[in-house]
Amino acid sequence: MASLQLRRESSMDQQESPRSPEAKLGMKVEDLWGVQEPKLSPNEKLNACFESIPVSAFPLAPQGIEIKSDASLAEAVQILAQNKILSAPVVDVNAPEDATWIDRYIGIVEFAGIAIWILQQSEPPSPRSPSSPSGTYFAVSINGMTSAVGLGTLGPEDASITSGDFFEALTSSKFYKNTKVRDISGTFRWAPFLALQKSNSFLTMLLLLSKYKMKSVPVVDLGDGKINNIITQSAVIHMLAECTGFHWFESWGTKKLSEIGLPTMSPKEIIKVHEDQPVLQAFKLMRKNRIGGVPVVESGGKKAIGNISLRDVQFLLTAPEIYRDYRSITAKNFLIAVKNYLEKHDKRSPMLSGTVTCKRDKTVKELIQTLDSEKIHRMYVVDDDGNLEGVITLRDIISRLVHEPHGYFGDFFDGVLPLPENCRV
């Protein structure tokens, strides 16, 4: 009876103030929560609630940005950076007007794929697979950059190979300006991409964003063959932040991180880059481990001095001149240069907030509210001395919200086209 009263009071609180689309969605979950069988666990109740709501109910993102397949890589970087997005669908310029969605799009280009492309240019060509003349010429012409930059680790002794003018040379080269988005399709995760129909459930979407490691999920309209919405991990976290006060959220959100098994890793398992290592090492680690960001740790210590994410590759490409005065672009120099640049051009950038950390006794609700307000994708867990103890990502949080029932997806993935043979993601 007490829980029912709490649910009614929290619902009334939500009704007394203007409700956002996300809060209205939370109200829908609240209504479903109240009619679930009492014998179900809270986690099972949430699964049942989210399975009952179609993804068409999720608030629409601002008008979607699409990139044409014949756009240059330089143009794609500018579009992503200016719109402050991590990825965008790529439209095949040769597709007919009445094409289905699977023929209309060739995939989704991400900063992750662009980072991989950069790393490919810095690697020596394989003796077994001849590279293109343009690629070979470019690689040889940039300050001997091709030496020792495979998938191995770059240490402080290698910092000189990423001299301050490397990215200026890269972005001013004809090779960079003439490379088309379609030319890096081998870096796309899905071919063209995995999409949901508007009738698919919230649960399906949440599982794809967590267990199946998708950064965003396109929702297609089969009628007009176009993308109707793109749901990101950040959008889901924002929705959860707007649901404070609802009984279903409070029953889960008031738990401490340690109670729901976060962080999932030990200090020894944290993937990190040291401040005196080349910045490219950060992107190499992200590529090798398929993660979205790494902490920058002080030399010889365990404290994080900053964070580098895949999104930050834009600063290597859109403002390469800011590194001109550096003898080498180490992770620390990269953070300093970007901070100075943002203080002049974008004082609202999350990167100016410094490293955001928390302790294990923080609640899930507090964590979600911080991630949402700071517009960041990961939180670093530290001990009382400020030493790194773990990392919690948006995906980690969503994965603790729902679980995959046995046999849930069935043959769902059978229709997904295989990855291209040359895919290196």
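At what angle do the axes of helix α10 and helix α11 cross?

## Helices α10 and α11

In this predicted model, the axes of α10 (residues 202-209) and α11 (residues 233-241) cross at roughly 120° and come within 10 Å. Angles of 65 to 115 degrees count as roughly perpendicular and those over 145 as roughly antiparallel, so α10 is oblique to α11. The crossing of the two helices, α10 and α11, is left-handed.

On the α10 side, the contact is made by Phe202, Met205, Leu206 and Leu209. On the α11 side, Gln233, Val236 and Met239 take part. Sorted by class, the contact of α10 with α11 has six nonpolar residues, one polar residue and no charged residues.

## Aromatic pairs

How many aromatic pairs does a search of the whole structure find? The search finds nine. In one of them, phenylalanine 249 and tryptophan 252, the ring centres are 6.1 Å apart and the planes stand at 75°, so this pair is edge-to-face. Phenylalanine 249 and tryptophan 252 both belong to helix α12 (residues 247-253), and because they are three residues apart there, about one helical turn separates them. An α-helix has 3.6 residues a turn, so residues three or four places apart point the same way. Both phenylalanine 249 and tryptophan 252 are buried.

The rings of tyrosine 408 and phenylalanine 409 also form a pair, with centres 5.1 Å apart and planes at 85°, so this pair is edge-to-face. Are the two residues buried or partly exposed? Tyrosine 408 has 23% relative accessibility and therefore counts as partly exposed. Phenylalanine 409, at 8% relative accessibility, counts as buried, because the cut-off for buried is under 20%.

## An aromatic cluster

Which residues form one aromatic cluster? The members are Phe50, Phe58, Phe202, Trp248, Phe249 and Trp252. Among them is Phe202, which also takes part in the contact of α10 with α11.

## Helix α13

Helix α13 covers residues 279-289, and nine of its eleven residues are buried, so α13 is largely enclosed by the rest of the structure. The buried residues are Val279, Leu280, Gln281, Ala282, Phe283, Lys284, Leu285, Met286 and Arg287. After α13 comes arginine 290, whose phi is positive, near 55°.

Terms used: Residues numbered from 1 in each chain as written. Predicted model: local features only at pLDDT ≥ 70, side-chain atom pairs only at ≥ 80, totals over all residues. Heavy atoms only, no water. Axes fitted to C-alpha atoms, helices over the stretch in contact; angles between N-to-C directions. Helix = DSSP H or I, 4+ residues; strand = E, 2+ residues; numbered from the N terminus. Parallel < 35°, antiparallel > 145°, perpendicular 65-115°, else oblique. Left-handed = near helix turned anticlockwise from the far one by under 90°. Contact = heavy atoms within 4.5 Å. Nonpolar A, V, L, I, M, F, W, Y, C, P; charged D, E, K, R; others polar. Phe/Tyr/Trp six-rings, centres within 6.5 Å; stacked < 30°, edge-to-face > 60°. Buried < 20%, exposed > 50% of the residue type's maximum accessible area, 1.4 Å probe, protein only.
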